[in-house]
Amino acid sequence: MSLASAIQNKASDLGRSSAFRIAVAAVFSLVIAVGSILVYREAARLDRIADALPQLLRNADFKAKDAVATQLVEKGTIDVDGVPVGSEALRSAMERMFEGTGKIERVAEAASILLGTARPQWMPASIAQEPIVALAAGGFALCVVGFACYSGLAVPLVVVTAVCALLWTPLAFGGRLSLGTSLAAIPFFMFVFTLVVRLLLVVLDRASPMFAVAAGVVREAIRLRIAIAFAAIAIFVIPLLPQWIDPTSPLRYQVQTYLARSLDTMYLVCAFLTVFLGCATVAFEIRDRQAWTTLTKPVSRLSWLAGKWLGLVALNAAILLTCTVAMYAFLVQIRSRPAEDLLDALAVEDEVLVARIGGLPAYTMLPPAELQSAVEEAIKADPNAQADIREGTRTEIDVKKTLARAIAEEYLKQQRSVGPNQ
Amino acid sequence: MAISDRHSDGQNGDRIVDAAGLTKTFSDFWMRATARAVDGIDFHIDRHEIFGLLGPNGSGKSTTIKMILGLLHRTRGRLVVFGRDPSDVDVKRRIGYLPEETYLYRFLNPTETLDYYGKLFGLDRRTRRRRTEELLDMVGLTQVAHRPSGEFSKGMARRLGLAQALVNDPELLILDEPTSGLDPIGTKQVKDLILGLGSRGKTILLTSHLLADVEDVCSRMVILYGGKIRAQGTSTELLSDSTHTLIRVPKLTAASIKAVDETLHRVQGVGIDSVQAPRQTLEELFLDIVEKARAEQVATSGAQSGGRIASFLQGEGAGQQGSARATEAEAAALVQDLVSAKAEAPVATPVAKAPEAPKGADSAMLDALVDPSKAAAAATKAAAATTKPVAQPRSAAPEVRKAAELDQGVIDSLLGGSGNAEDKNAPGKSGGKTPGRENSGGQA
C-alpha cells in the first residue's frame with residue numbers, strides 16, 4: 001500500500017470517528033465564538049465613535065479657537081471618549097474643512113474621513129456600520145462548522161485550515177498580504193464548494209424519483225470530476241484576479257474591472273458546465289443503458305428528464321453560491337484599497353457599488369408654435385424649397401410637412417444622444 | 001385505468017401477465033419492417049409461478065421482456081401486466097427487473113445504488129436503509145458496500161443487479177440471464193434464491209441460455225424460436241422420459257448387478273441397459289474446495305457468500321405456504337424442525353405449485369430393494385416424512401434432495417408390487433420431485 005493511500009485510509013477512519021468530529025467542532029466553535037465576539041466589540045466601539053463624531057464636529061469652531069478645532073487642525077485628530085481618532089495625515093484636509101466660516105460645513109464628509117482611519121483594514125465596512133453583522137456571521141460560521149463535522153468533512157476542514165494558514169502566514173508577514181489572501185482563498189473556497197454540494201445532497205435526499213435522479217446527477221458530476229474541474233477554474237480565477245488588476249489605476253476602475261471579469265468567469269463556467277454535463281448525463285446514460293434499468297422503475301420519462309434538469313440547476317446553484325461568496329470577499333478587499341482622491345472614493349460608493357433600477361426615458365415634443373417658426377425659418381434658409389414652391393413642383397403644404405417631420409425627428413434625436421463627457 | 005381487472009382478480013387463473021397474439025416488428029426510418037422479433041405469441045404467467053422463457057439468441061426473449069416492462073411498444077396483439085397496460089408507471093411498482101447485462105452507475109457504491117433505486121420506488125429512508133443492509137448481506141456484498149461499483153467484477157455487479165431488482169419487494173420478478181457472469185457458488189445461490197422466493201409466493205419470469213438452470217428452478221416454460229413459441233408446458237410435461245428408470249444405490253458387486261438383472265428379467269421381462277459408476281460433478285468439487293477455503297478464512301476482496309433471504313422478501317408468499325411473516329422464534333422452530341426432519345427423513349424442496357409426493361430415506365429404500373417385505377414399511381415411513389411440511393430454500397444438502405427423488409412407486413414396480421413404472425408421472429406420485437430433478441446422479 002502506498003503512503004498516499006495509507007494516509008487516505010487513516011484520514012477516512014479518523015473522519016468516521018465521532019470523538020474526532022466532536023473535538024474538531026468544539027475547537028472551531030470556540031475559535032469562531034471568541035473571534036466574532038472580539039470583532040463585535042471592535043465594531044461596537046467604532047459605532048459609538050460614529051455616533052459621537054457628527055455632534056463634536058458640528059460644535060467645533062476654529063475662529064473661536066476651541067480645543068476640538070485646534071486639535072483637528074494641528075494634529076489631525078479628535079478625542080472621542082478620551083481616545084484620539086484620526087491621524088497626522090489628515091491635518092491639511094481638516095484645515096480645509098474649517099475654511100470660510102471657521103466651522104465645518106461638510107460634517108458627514110469630515111466624519112467619514114476620520115472614521116476611515118479608525119476602522120482596522122481587516123474589518124469590512126458592513127460590519128463597521130452594523131456591529132450585529134459580526135455576531136450573525138459568527139453564528140452562520142458555527143452552523144457551517146457544525147454541518148461540516150456532521151457531514152463527515154471534519155478532516156478536510158482541519159486540512160484546509162492548515163493549508164490556508166501555511167499559505168497565508170509567511171506571505172502576510174512578508175508584506176504580501178493580498179497575495180497570501182488570494183492563495184489561501186483557493187483551498188478555502190474549494191472546501192466551501194464541497195460543503196455546498198453536501199448541503200445540496202441533503203436537500204435532494206427525498207423519496208421521490210425526480211429528486212433521486214437530481215441527486216444522481218450531482219453525484220455523477222462530482223465523482224466524475226466534471227463539476228470539480230469547472231468549479232476549480234472559477235475558484236482559481238476569482239481570488240487571483242485582484243493580483244492582475246493594476247493597483248495604480250483609479251479605485252472605481254479596479255472595482256469595475258474585478259466585477260466584470262469575475263462575473264464573466266462565473267457565467268462562462270456555469271454555461272460550459274451546463275452544456276457538457278447536460279449532454280453527457282442523458283446521452284451517456286442511454287448509451288451505457290443505465291436508463292433501461294431506471295425506466296423499468298416507476299419513473300415517468302418526464303420525471304427522469306425533470307430530475308436531470310433539477311440536478312443541473314442544483315450544480316449551477318452550488319457554483320454560483322460559492323463564486324458569489326468569493327466575489328464578495330475579494331470585492332471587500334479591493335474596495336479597501338486606497339482611492340485616488342475623494343471623488344474616486346465617492347464614485348465607488350455612488351456609481352459602481354450601487355443598485356440601479358431601470359426606467360424608460362421621457363421625451364418632450366417640440367411645442368407647435370416653435371415648430372411652426374422653425375419650419376418658416378427653414379423654408380427661408382432653403383432656396384431649393386422656395387424654388388419648388390414657386391415653380392409648383394411641390395405644394396407649400398408638402399414642403400412644410402416634410403420639413404416639420406425632419407425638425408421634430410432632429411429634436412428627439414438630440415434628446416436621445418449622449419455627447420462626449422456627458 | 002385497468003384494461004381488464006379479471007386477470008388479476010383470479011377469474012382467469014390469477015394471471016400476472018397475459019399475452020395474446022403479441023407481435024413486435026422493428027422498422028427503419030421509413031417505417032419499413034426490418035425484423036419481426038416476436039411473432040404472434042400467446043402465453044400467460046400465473047401468480048406464484050416460476051416461468052421460464054427459453055430460446056437461442058435472437059429468438060425474441062429479451063424483446064418480449066422489454067414489452068412486458070414497457071420499454072418497447074408492441075406492434076400488434078394484446079399484452080396485459082397486472083391487469084394494466086405495461087407502460088403504466090404504477091405497474092412498475094410491482095415489478096423487479098434484472099437486465100441481461102448489469103447496467104450500474106459506476107460512480108455509486110452498492111449502498112448508494114440501492115438507496116437510489118429505493119428512492120425511485122418512493123421508499124422512506126428507514127425502509128431503504130434496512131432493505132439495503134439486508135439485500136447486501138443476502139447477495140454477499142456487505143464487505144464492499146462502500147466501494148464504487150465501477151470497480152466491481154462482472155459477478156459482483158450481477159449480485160448488485162439482483163439486489164436492486166428486489167429492493168421494492170416485487171410481486172413479479174423478471175430475471176434476464178440471472179446466472180450470467182456468476183461463479184458456481186453465485187449460480188447456486190441465485191438458483192436457491194429463485195426457489196426460495198418462488199416458495200414464498202413471488203412470481204418469477206426467467207430467461208437463461210443455461211438450460212440446466214431453467215430446468216432446476218422453473219415450474220413452467222416456453223421455448224421460443226424465430227419469435228414464435230415452439231413448445232410450452234410444465235417441466236414434467238416437457239422433460240419426463242417415461243421409458244426409463246434410474247436407481248441410485250451404493251456400489252454393487254458384479255454378482256449383485258447380475259442378480260438385479262435377473263430379477264428384472266423375471267419380474268418385468270426387461271434388463272439393465274447400462275451400468276455406470278457415478279462421478280462427482282465439477283460443480284460439486286468446486287463448491288467443496290471453496291467451502292473448505294472459506295472455513296479456513298482465506299481472505300478475498302471479492303464478494304462473500306450471501307446470507308439468508310432478506311426478511312422483507314419473506315412476507316407475502318409465506319402466507320401461501322401456511323405461515324405469515326416468520327418471527328425470530330418461528331424461524332428458530334423452523335430450523336429445529338428442519339434438523340430433526342433431516343435426521344429422520346429427508347424432505348423435498350418445496351416449489352410453488354409443485355404437488356407433494358411420498359418420499360423415503362435412503363436406508364428405507366435400500367431395505368426395500370433388498371427385502372420386498374420391507375417395502376410396505378418403507379412406504380409408510382416415506383409417507384410419514386411428507387406429513388411434516390417444511391418450507392426450506394433449495395440450499396438444503398444435495399443428498400437430502402437426491403434421496404427425496406427416489407420414488408416409492410419405482411420400487412413397488414421393480415419388486416412386482418402394486419406400483420407401475422408408468423405411474424411415475426401420475427399426479428400425487430411423481431410430482432413430489434422438484435420439476436426437472438429426475439436425474440439423481442449415479443446410475444445402476
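This is a predicted model: local features need pLDDT of at least 70, side-chain atom pairs count only at pLDDT 80 or more; totals for chains, interfaces and linings use all residues.
1. Contact between the chains. On one side of the contact stand 22 residues of chain B, and on the other 21 residues of chain A. Three elements of chain B each give two or more residues to its side: helix 2 (89-92), strand 5 (95-98) and helix 3 (110-120). Helix 3 of chain B gives the most, with four residues. By class, the chain B side has 16 nonpolar residues, one polar and five charged.

2. Helices 9 and 14 of chain A. Helix 9 (residues 177-203) of chain A and helix 14 (residues 301-335) of chain A have axes that come within 9 Å and cross at roughly 155 degrees. An angle over 145 degrees counts as roughly antiparallel, and the two helices are therefore roughly antiparallel to each other. The crossing of helix 9 of chain A and helix 14 of chain A is right-handed.

3. Residues where helices 9 and 14 meet. From helix 9 of chain A, the residues taking part include A:Phe189, A:Val192, A:Phe193 and A:Val196. Among those they meet in helix 14 of chain A are A:Ala318, A:Leu321, A:Thr322 and A:Val325. This contact has 12 nonpolar and four polar residues, and no charged ones.

4. Helices 10 and 14 of chain A. Helix 14 of chain A also meets helix 10 (residues 209-223) of chain A, where the axes come within 7 Å and cross at roughly 45 degrees. That angle makes helix 10 of chain A oblique to helix 14 of chain A. The crossing of helix 10 of chain A with helix 14 of chain A is right-handed. Helix 10 of chain A contributes, among others, A:Pro209, A:Val213, A:Gly216 and A:Val217. Helix 14 of chain A contributes residues including A:Trp304, A:Gly307, A:Lys308 and A:Gly311. The residues of this contact divide into 14 nonpolar, four polar and one charged.

5. The sheet of chain B. Six strands of chain B form an open sheet with mixed pairing, in the order 5-6-7-3-8-9. Strand 5 and strand 9 (228-234) of chain B are the edge strands, each pairing on one side only. On average, and with direction ignored, neighbouring strands of the sheet are turned by 15 degrees against each other. Strand 6 (residues 172-176) and strand 7 (residues 203-207) of chain B run parallel and are joined by five bridges. In that region, B:Leu173 stands opposite B:Ile204 in strand 7 of chain B.

6. Helices on the sheet. Helix 1 (residues 61-68) of chain B packs on the sheet and touches strand 3 (50-54), strand 6, strand 7 and strand 8 (220-225) of chain B. The direction of helix 1 of chain B makes about 150 degrees with that of strand 6 of chain B. Helix 5 (residues 154-166) of chain B also packs on the sheet, touching strand 5 and strand 6 of chain B. The direction of helix 5 of chain B makes about 170 degrees with that of strand 5 of chain B.

7. One residue of helix 5. B:Ala163 lies in helix 5 of chain B. B:Ala163 counts as buried because it has 27 C-beta neighbours inside 10 Å, where the cut-off is 20 or more. Leaving out residues up to four places away in sequence, B:Ala163 touches B:Leu114, B:Leu135, B:Leu136 and B:Val139. B:Glu134 is 29 residues from B:Ala163 along the chain, and their C-alpha atoms are separated by 9.4 Å.

Conventions
Residues are numbered from 1 along each chain as its sequence is written. Chains are lettered from A and ligands numbered from 1 in the order in which they are written. Two residues are in contact if their C-beta atoms, placed from the backbone, lie within 7 Å. Ala, Val, Leu, Ile, Met, Phe, Trp, Tyr, Cys and Pro count as nonpolar, Asp, Glu, Lys and Arg as charged, and the others, Gly among them, as polar. Axes are lines fitted to C-alpha atoms, for helices over the stretch in contact, and angles run from 0 to 180 degrees between N-to-C directions. Angles under 35 degrees count as roughly parallel, over 145 as roughly antiparallel, 65 to 115 as roughly perpendicular and the rest as oblique. A crossing is left-handed if the near helix is turned anticlockwise from the far one by less than a right angle, and right-handed if clockwise. Two strands pair if DSSP finds at least two bridges between them. A residue is buried if 20 or more other C-beta atoms lie within 10 Å of its own, exposed if 12 or fewer, and partly exposed in between; C-beta atoms are placed from the backbone.
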